[in-house]
Amino acid sequence: MTERLRAVIADDQALVRTGFRMILTADGIEVAAEAANGDEAVAAVRRTRPDVVLMDIRMPQMDGLEATRRILAGGAEDTRVLILTTYDLDHYVYAALAAGASGFLLKDVTPEHLVAAVRMVRSGDALLAPTITRRLVERFARRDNVKPALHRDLSELTPRELDVLRLLATGLSNAELADRLTLSVATVKTHVARILSKLGLRDRVQAVVVAYETGLISPGGTG
């Protein structure tokens, strides 16, 4: 990709927005717009069509969760949402991931990690910090007060695709999957792409959510 990466920053704290803007701009990432609440975030995305949205969860008027739902349900197919949170086990984050967010970041993220994360999701590598994301999903996927957000039938998957999905949900990378299953990385990528296509999922994060919600893998276990 040679086009300049464009981002929208949504956070109700002006200081946070300013700091993130400085970090991204210094690395050649264009900040197309800023938003102080969910309503502004949705409007900014519709207006500027960014590649990535840095989305705070807790904002006035409309929170980041509802804003994420509206953005991803509103035809912004090429836009990726990165959730910003103060706590790494904020229960809103699980719902945001299920709604289609591509990952999450703590607000005290280092500048290097912030830039790397934005570029990673732009290139399609959605699962950021696999072990943290898996720990979060394990904690909330089976709670009674959290209704399943992704209803998918796994019967269309082949036995090999089920193996790939099961291991993917434990946080393994494509290279680790290839090593575990004695396959080439290219073959693993093909399996992952077919899984996402068959289940109608945006990315690997949603695949992890589905694996837990269908019982393919159990919290704390390996399926």
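Biologist: Leaving aside neighbours within four places in sequence, which residues is Met55 in contact with?

Modeller: This is a predicted model, and the contacts are read from its heavy atoms. Beyond its neighbours within four places in sequence, Met55 is in contact with Ala10, Ala41, Gly64, Ala67, Thr68, Ile71, Val81, Leu82, Ile83 and Leu84.

Biologist: Which residues touch the most other members of the largest nonpolar core?

Modeller: The general idea first. In soluble globular proteins, nonpolar side chains tend to be buried together. Here the largest nonpolar core has 25 residues, and Met55, Ile71, Val81 and Ile83 touch the most other members. At least two residues of this core come from each of strand 1 (6-10), strand 2 (30-35), helix 2, strand 3 (52-56), helix 3, strand 4 (80-85) and helix 4 (91-99). There is also a second, separate core of 24 residues, with Leu154, Ala169, Leu172 and Val208 among them.

Biologist: How many helices and strands does the protein have, and what percentage of its residues is buried?

Modeller: The protein has 10 helices and five strands. Of its 223 residues, 49% are buried. The exposed surface comes to about 10,500 Å², with carbon and sulfur atoms supplying 49% of that area. As for contacts in the protein with a separation of 6 or more, 69% are between residues 24 or more positions apart.

Biologist: How many cavities of 30 Å³ or more does a search of the whole structure find?

Modeller: The search finds one. The largest cavity holds about 40 Å³ of space. Helix 2 (38-48) and helix 3 (64-73) are the elements that give two or more residues to its lining.

Biologist: Which residues line the largest cavity, and how do they divide into nonpolar, polar and charged?

Modeller: The lining consists of Val45, Arg46, Arg49, Arg70, Ile71, Gly74 and Ala76. These divide into three nonpolar, one polar and three charged.

Biologist: Why does Arg49 count as partly exposed?

Modeller: Arg49 counts as partly exposed because its relative accessibility is 44%, and the class runs between 20% and 50%.

Biologist: Where is Thr182, and what is its phi near?

Modeller: Thr182 lies in the loop between helix 8 (174-181) and helix 9. Its phi is near 55°, also a positive value in a residue other than glycine. With 70% relative accessibility, Thr182 counts as exposed.

Biologist: Next, Ala193. Is this residue exposed or partly exposed?

Modeller: Ala193 is found in helix 9, residues 185-199. It counts as partly exposed because its relative accessibility is 45%. Between the C-alpha atoms of Ala193 and Asp203, which are 10 residues apart along the chain, the separation is 8.8 Å.

Biologist: Finally, where is Glu112 found?

Modeller: Glu112 is found in helix 5, residues 111-122. It is exposed, at a relative accessible area of 59%. Its C-alpha atom is separated by 9.5 Å from that of Asp27, 85 residues apart along the chain.

How values were computed
Residues are numbered from 1 along each chain as its sequence is written. This is a predicted model: local features need pLDDT of at least 70, side-chain atom pairs count only at pLDDT 80 or more; totals for chains, interfaces and linings use all residues. Side-chain values use heavy atoms; hydrogens and water are left out. On a 1 Å grid over the protein atoms alone, a cavity is a set of points where a 1.4 Å probe fits but cannot get out, and a pocket is an open set with protein on both sides within 12 Å along at least five of seven lines; lining residues have an atom within 4 Å of a point. Grid points are joined across faces, edges and corners, and a volume is the space filled by probe spheres set on the points. Helices (H or I, at least four residues) and strands (E, at least two) are DSSP runs, numbered from the N terminus. Ala, Val, Leu, Ile, Met, Phe, Trp, Tyr, Cys and Pro count as nonpolar, Asp, Glu, Lys and Arg as charged, and the others, Gly among them, as polar. Buried means under 20% relative accessible area, exposed over 50%, partly exposed in between (1.4 Å probe, protein chains only). Contact means heavy atoms within 4.5 Å. Accessible areas come from the Shrake-Rupley method with a 1.4 Å probe; for residues, only the protein chains shown count as cover. A nonpolar core is a set of buried Ala, Val, Leu, Ile, Met, Phe, Trp, Tyr and Cys residues joined through side-chain atoms within 4.5 Å.
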